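Trainee: May we go through this structure together, beginning with the overall fold and then turning to the aromatic side chains?

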Amino acid sequence: MPPEVKAYIYPHLESEVRGALAQVKNLLSQGTPANEIVLVARDDTLYGPTVLDVAYEYKLPVRALYGVPLNATRLGAWVQLLLEVIQEKFPFESTARLLRHPLCSAISAPVWQEARKQHPSDLLAWQNLGVNLSLLDSPHEDSRANWVERIQDVLNKFNLRQGAGRWAREIVAYYEFQEVLVDLSKPEEEVISLGEFAADVIGSLALITVPAQPGRGGVELHTPLSLFGAKFQHVFVLGTVEGILPVPVQDDPVLDFFERKLLRQQGFEFEDAAQAARREVISFYALLQTPTLSLTFSYPQMVGKEVTLPSPYLSRLKLEVVQPLPLPIASLEEARQIYLRRETLPDDDVLPQAVHAWNVEKRR
């Protein structure tokens, strides 16, 4: 155990994440290296999106390596939109979203203004506006190799690689999608319909994952098990609530514990229920050996609409759970919320409009 161990309670999950990241930012400002601080969440997929959103607001370098399906990335969303546009024969709404997507922005402002007036809803109408979508006009059936070649041509036409390069996750997703296309091109001579090919692509987008926030350096978000044997100066453990830390032992939907028991009797090495429970306990007590200077536990009183209870681990450690100490404002957005209720305003381009909107809401 490190010399300093604390436990904090917060009203809800976002406030917990903000409190932890404000402490992280304070440590970084005092000179602590980012690679000596780590965030830990047993359910990193629950905490990851909020951690990344708040870190972006706080301008903190945070890395999260839990898997996100391709269909949850910008690249995946664009590919699904592309298939929808082709299958539905270029309706206005979905075609406009495709052309104005952040990854490509393939329609100029004057053309977009004209499109809003005319609402083109088929290939010819878009062509009359000067938007060349002939590459998207596909036959009903073709070979797998030709379908993949068509998709590659479309990606090149809309400069998807260049657009994806602005985000680390999206460029990784782009190259993962290239691997998906290689697999979908086989057997090359097999002739399938557009609907069958689209179903294969959409199914692959749901199965293949990429890291949520890839890259190097910065403060990383991990699970307790992935930190086994590691050392950090400061460790922040999020979500120390009953039902998350430890996670309940449950049957695997593919291979339940009864089937595992039968297979173990045949000599196969599968984890049983008792071993799964012991793994959770061992990973937690290994986590206690990870920090060298400070260990901070925290949990929210509410997760969504559910009231939580503190993790039984906190009582075993005999920790007193307290309200967090006030910390410096960690972002410009938080500062604006405070100044919004004051008579004097700093020199800021956003605040006058925010104050006007705030006053309108108060008069409702």
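Trainee: How many helices and strands does the secondary structure of the protein chain come to?

Mentor: This is a predicted model, in which local features need pLDDT of at least 70 and side-chain atom pairs count only at pLDDT 80 or more, while totals for chains, interfaces and linings use all residues. Residues are numbered from 1 along each chain as its sequence is written, and side-chain values use heavy atoms, with hydrogens and water left out. Helices (H or I, at least four residues) and strands (E, at least two) are DSSP runs, numbered from the N terminus. On that basis the protein chain has 15 helices and 11 strands.

Trainee: What percentage of the residues of the protein chain count as buried?

Mentor: Buried means under 20% relative accessible area, exposed over 50%, and partly exposed in between (1.4 Å probe, protein chains only). The C-alpha trace spans about 75 × 70 × 40 Å along its principal axes. Of the 364 residues in the protein chain, the buried share is 42%.

Trainee: Which class of pair do the rings of Phe284 and Tyr285 form?

Mentor: A pair of aromatic rings is described by the distance of the centres and the angle of the planes. Rings of Phe, Tyr and Trp (its six-membered ring) pair if their centres lie within 6.5 Å; planes under 30 degrees apart count as stacked, over 60 as edge-to-face and the rest as tilted. The structure holds nine aromatic pairs. In the pair of Phe284 and Tyr285, the centres are 5.4 Å apart and the planes stand at 85°, so the class is edge-to-face.

Trainee: Is Tyr313 buried or exposed?

Mentor: The rings of Tyr285 and Tyr313 have centres 6.3 Å apart and planes at 70°, so this pair is edge-to-face. It links distant parts of the chain, with Tyr285 in helix 12 (residues 273–287) and Tyr313 in helix 13 (residues 312–316), 28 residues apart. Tyr285 is partly exposed, with a relative accessible area of 34%. Tyr313 has a relative accessible area of 2%, which means that Tyr313 is buried.

Trainee: Which residues form one aromatic cluster?

Mentor: Phe284, one member, is buried at a relative accessible area of 1%. The cluster consists of Phe284, Tyr285, Phe297 and Tyr313.

Trainee: Over the face of which residue does Arg74 lie?

Mentor: A charge sits over a ring if NZ of Lys or CZ of Arg is within 6 Å of the ring centre and within 35 degrees of the ring normal. The charged end of Lys157 sits over the ring of Phe158, 5.8 Å from its centre. Arg74, at 4.1 Å from the ring centre, lies over the face of Trp167.
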